Amino acid sequence: MRLKLIQIVHIARYEMQMHWRGRALRVIMLAVLAMNGLNGVVVRDYAVLTSFNVTASIDALVWTTLGVTFAFLLPIMISDAIPKDRQQGVRELIDSLPVTRSVYLLGKLLGVYVVVFLMLTFTMLVIGIFYRLMLGEFPLRPYLEVWTVGAGALVILNGGLGVLLPATQPNRRRAGVLMVVVLILGFALAGRGFEGDSILTYLNPIRPPLMMYYLTGFAGDKGADLVTQFTREDVWLSNGVGLIELVIVGVAVWAWSRWRESRV
């Protein structure tokens with residue numbers, strides 16, 4: 001067990017270094033910072049002209065960039081986490097070592113999670129300070145919940161899918177195409193899932209309960225007759241179903257990898 005933990009840590013550290021040296025995650029971080037900076041300037045000017053109390057809606061304002069970024073962009077940008085090892089010959093080296101498939105997959109997942117959460121924490125602090133200076137004091141609890149429960153769940157669920165699903169692909173291009181197709185199908189098949197509460201709504205990789213709950217500023221808990229009536233319970237249910245979905249995908253990828261190696 002101790003050896004496996006050491007192997008997971010080393011694989012995770014390698015993965016963190018590879019992502020940090022690359023451009024994908026830095027592009028995501030800079031995009032979130034830039035979009036929120038632009039939103040802050042525009043909303044400040046609008047609030048001055050209309051006397052609109054924007055500080056009460058900062059959580060929804062932040063989510064307009066976080067939701068799209070971590071639901072759609074993140075899984076595509078990290079989809080090459082495993083295929084690039086195979087394409088660059090690193091996987092053959094790892095296969096020659098006493099490293100199990102489960103250790104390899106867990107190490108890759110952990111590496112992605114750690115580096116993305118570090119990026120997320122830094123971005124949350126910078127944007128929070130920026131909005132405080134630009135727009136004044138705002139409620140801290142909803143702001144933190146958007147980043148932790150909302151964006152954090154998308155990092156774990158969609159980020160996990162972005163690592164595991166493309167593991168079946170031979171190269172980085174096909175991995176990216178696969179994730180684009182999965183997310184487009186998820187959006188296309190959502191239908192009224194952004195308003196309903198069927199099981200398909202919670203299985204959808206777009207995560208409609210999270211997307212709509214935070215986009216409307218916790219409308220469900222307020223009983224407001226807005227676009228959605230999703231509540232905090234729906235958000236937690238969506239997260240729970242998403243975790244089960246992630247585990248099933250992980251087991252399926254592990255089984256596929258084992259079957260593939262048995263045929264070689």
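A salt bridge is taken here as a side-chain nitrogen of Lys or Arg within 4 Å of a carboxyl oxygen of Asp or Glu. By this criterion, Glu15, Asp85 and Lys108 are linked in a network of salt bridges, and the structure holds seven salt bridges. The structure is a predicted model, in which local features need pLDDT of at least 70 and side-chain atom pairs count only at pLDDT 80 or more, while totals for chains, interfaces and linings use all residues. Residues are numbered from 1 along each chain as its sequence is written, and side-chain values use heavy atoms, with hydrogens and water left out.

The confidence of the prediction is expressed as pLDDT, the predictor's confidence in each residue on a scale from 0 to 100. The mean pLDDT of the chain is 84, and 84% of its residues reach 70 or more. Among the elements of the chain, the highest mean pLDDT, 93, belongs to helix 7 (residues 140-164), whereas helix 11 (residues 219-222) has the lowest, at 56. Where pLDDT is low, the predicted coordinates should not be read in detail.

The secondary structure comes to 12 helices and zero strands, where helices (H or I, at least four residues) and strands (E, at least two) are DSSP runs numbered from the N terminus. Of the 264 residues of the chain, 48% count as buried; buried means under 20% relative accessible area, exposed means over 50%, and partly exposed lies in between, with a 1.4 Å probe and protein chains only. Contact is defined as heavy atoms within 4.5 Å, and among contacts between residues at least 6 apart in sequence, 77% join residues at least 24 apart.

In soluble globular proteins, nonpolar side chains tend to be buried together. A nonpolar core is here a set of buried Ala, Val, Leu, Ile, Met, Phe, Trp, Tyr and Cys residues joined through side-chain atoms within 4.5 Å. The largest such core has 60 residues, and those with the most contacts inside it are Trp63, Leu66, Phe70, Val116 and Trp147. Two or more residues are given to this core by each of helix 1, helix 2 (24-50), helix 3 (58-77), helix 6, helix 7, helix 10 and helix 12, with helix 6 giving the most, at 15 residues. When neighbours within four places in sequence are left aside, Leu66 is in contact with Val32, Ala71, Val146, Trp147, Ala151 and Leu154.

Leu105 is found in helix 6 and counts as buried because its relative accessibility is 11%. Residues up to four places away in sequence not being counted, Leu105 touches Ile82, Leu164, Gly250, Val253 and Trp254. Leu105 and Gly250 are 145 residues apart along the chain, yet their C-alpha atoms are separated by 8.2 Å.

Side chains of opposite charge can pair when their charged atoms come close. In the salt bridge between Glu15 and Lys108, the closest N and O atoms are 2.4 Å apart. This pair links distant parts of the chain, with Glu15 in helix 1 (residues 2-21) and Lys108 in helix 6 (residues 101-135), 93 residues apart. Both Glu15 and Lys108 are buried.

Another salt bridge joins Glu245 and Arg207, with the closest N and O atoms 3.0 Å apart. Here too the pair links distant parts of the chain, since Glu245 lies in helix 12 (residues 232-263) and Arg207 in the loop between helix 9 (199-203) and helix 10 (208-215), 38 residues apart. Glu245 is buried, with a relative accessible area of 18%, and Arg207 is buried, with a relative accessible area of 0%. Phi of Arg207 is near 60°, a positive value in a residue other than glycine.

The side chains of Glu137 and Arg132 also meet in a salt bridge, at 3.6 Å from N to O. Glu137 counts as exposed because its relative accessible area is 62%, while Arg132, at 40% relative accessibility, counts as partly exposed.

The accessible surface of the chain comes to about 13500 Å², of which 69% belongs to carbon and sulfur atoms; accessible areas come from the Shrake-Rupley method with a 1.4 Å probe, and for residues only the protein chains shown count as cover. Val177, Val181, Leu185 and Leu189 make a nonpolar surface patch of about 380 Å². Patches are made of residues with over 30% relative accessible area and no salt bridge, like charges being joined within 9 Å and nonpolar side chains (Val, Leu, Ile, Met, Phe, Trp, Tyr) within 5 Å. Leu189 lies in helix 8 (residues 172-190) and is exposed, with a relative accessible area of 70%.
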